[in-house]
Amino acid sequence: MKSGFVALIGRPNAGKSTLLNTLMKQKIAIISPKAQTTRNSIRGIRTDEDSQIIFVDTPGIHKPQHSLGAQMNKQAYSSARGVDIIYLMVDGTVPFGTGDEYVMQAIKNIHLPVFLVVNKADLISKDDMMNLLLFYNRLHDFAEIFPISALENDNVDQLIEFTKLRLEDGVKYYPDDMVCDYPEQFIMAEIIREKVLMNTQEEVPHSVAIVIERIKKHKGNLIINAMILVERNSQKGIMVGKQGSMIKKIGTEARIELSEILGEKVYLELFVRVEENWRNKESKLKQLGYIEVETD
Ligand SMILES: Nc1nc2c(ncn2[C@@H]2O[C@H](COP(=O)(O)OP(=O)(O)OP(=O)(O)O)[C@@H](O)[C@H]2O)c(=O)[nH]1
Ligand SMILES: [Mg+2]
């Protein structure tokens, strides 16, 4: 039995969470077209007949503007330690820039096999992809280089096969039927946040955090009360929308998906609260689970 840990790192929007979900054949992490969607490291446990691979999705590495951003980078870097392989994901449609150089420098100090995964192959020509692969091949001594489409599940099986070849024989870390190690409350908050990301623009999605305040079972139904935190009164106005239209839309979309995921009828009650500048408040970040608890 081959077993081990693989960290997915890269810039925001590269498609790390999309790849995690494709590798897992189910939704483990939320996805959005907005940069900095993922805020925590998220483990997906993939078990088959001859292997157990724990894939760790991480927040996109970026130049932080708030304490929240700094914590997200910290989580990405700390997840890249203590794994067996790193997938460095890049978006093949975006030209190589200073942000990429920054990430490349960071991986130079990590002495682990790094697989370069060039994503979004479905959006670029074969020639452009070939040039990109040659460019990256000169840039660093990668253990493997893979062009893939995480979205269309193209070349992902080969990626898994080559990953298994690099892993040692080892123990099973998790039971066969376990696919993630986060509590249900986490996915509830994340699905609501995903719907906020999908329905709002500019700074609003980045200024939002979700707190699950109460979960109650009642006659076979699940009643979830959740608080949407924003940073300013104007954002509260946007979140609520004209005659409550925005919050209603977000609530409906989240309720439908949560009912599917949790397999029971969900009633979702959403509230909006202003918590000024929460992204720079250490105590708030800790409470929201955005600061990693230090372990030895
Ligand atoms: N066309 C295409 N789009 C993709 C592919 N992979 C991801 N995307 C899209 O790229 C966007 C970002 O995807 P995510 O998976 O959220 O990216 P991420 O790297 O996790 O981003 P952060 O969490 O912000 O670091 C979404 O709109 C995805 O649908 C792909 O292979 N092809
Ligand atoms: Mg992500």
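How many bridges join strand S8 to S9, and in which sense do the two strands run? In this predicted model, strand S8 (residues 221-230) is joined to S9 by nine bridges, and the two run parallel. One of the paired positions is Ile224, whose bridge partner in S9 is Leu268. Helix H7 (residues 233-240) packs on the sheet and touches both S8 and S9. The direction of helix H7 makes about 155° with that of S9.

These strands belong to an open sheet of three strands, which has the order S7-S8-S9 and mixed pairing. Strand S7 (209-218) and strand S9 (266-274) stand at the edges of the sheet. Each of these two has a single partner strand, so one side of each is left without a neighbour in the sheet. From one strand to the next, the twist averages 15°. Another helix, H6 (residues 184-199), lies across S7 and S8 and runs at about 125° to S7.

A second open sheet is formed by six strands in the order S2-S3-S1-S4-S5-S6, again with mixed pairing. Strand S2 (42-48) and S6 are at the edges. Because S2 and S6 each have a single partner strand, one side of each has no neighbour in the sheet. The twist in this sheet averages 20° from one strand to the next. Within the sheet, strand S1 (residues 2-10) and strand S4 (residues 85-91) run parallel and are joined by five bridges. Val6 has Ile85 as its bridge partner in S4. Helix H2 (residues 67-80) lies across S1, strand S3 (51-57) and S4, and its course is at about 150° to S1.

Phe115 stands opposite Glu144 in S6. Together with H4, strands S5 and S6 make a right-handed β-α-β unit. Helix H4 spans residues 126-139 and contains Arg138. Arg138 counts as exposed because it has 7 C-beta neighbours inside 10 Å, where the limit for an exposed residue is 12 or fewer. Between Arg138 and Cys180 there are 36 Å in space, C-alpha to C-alpha, and 42 residues in sequence.

Ligand 1 is surrounded by 23 residues, of which the closest are Gly15, Ser17, Thr38, Gly60 and Leu151. By residue class, the shell around ligand 1 divides into eleven polar, nine nonpolar and three charged residues. Helix H1 (residues 16-24) contributes three residues, the largest share of this shell.

Lys16 is also found in helix H1. Lys16 is buried because 32 other C-beta atoms lie within 10 Å, against a threshold of 20 or more. Leaving aside neighbours within four places in sequence, the contacts of Lys16 are Leu8, Gly10, Thr38, Asp57, Thr58 and Met89. For Met89, the separation from Lys16 is 73 residues in sequence but 6.7 Å in space, C-alpha to C-alpha. Thr38, another contact of Lys16, is among the residues closest to ligand 1.

Terms used: Residues are numbered from 1 along each chain as its sequence is written. Chains are lettered from A and ligands numbered from 1 in the order in which they are written. This is a predicted model: local features need pLDDT of at least 70, side-chain atom pairs count only at pLDDT 80 or more; totals for chains, interfaces and linings use all residues. A residue is near a molecule or strand if its C-beta atom, placed from the backbone, lies within 6 Å of it. Helices (H or I, at least four residues) and strands (E, at least two) are DSSP runs, numbered from the N terminus. Ala, Val, Leu, Ile, Met, Phe, Trp, Tyr, Cys and Pro count as nonpolar, Asp, Glu, Lys and Arg as charged, and the others, Gly among them, as polar. Two strands pair if DSSP finds at least two bridges between them. Axes are lines fitted to C-alpha atoms, for helices over the stretch in contact, and angles run from 0 to 180 degrees between N-to-C directions. Two residues are in contact if their C-beta atoms, placed from the backbone, lie within 7 Å. A crossover is right-handed if, with the strands pointing away from the viewer, the path from the first strand over the helix to the second runs clockwise.
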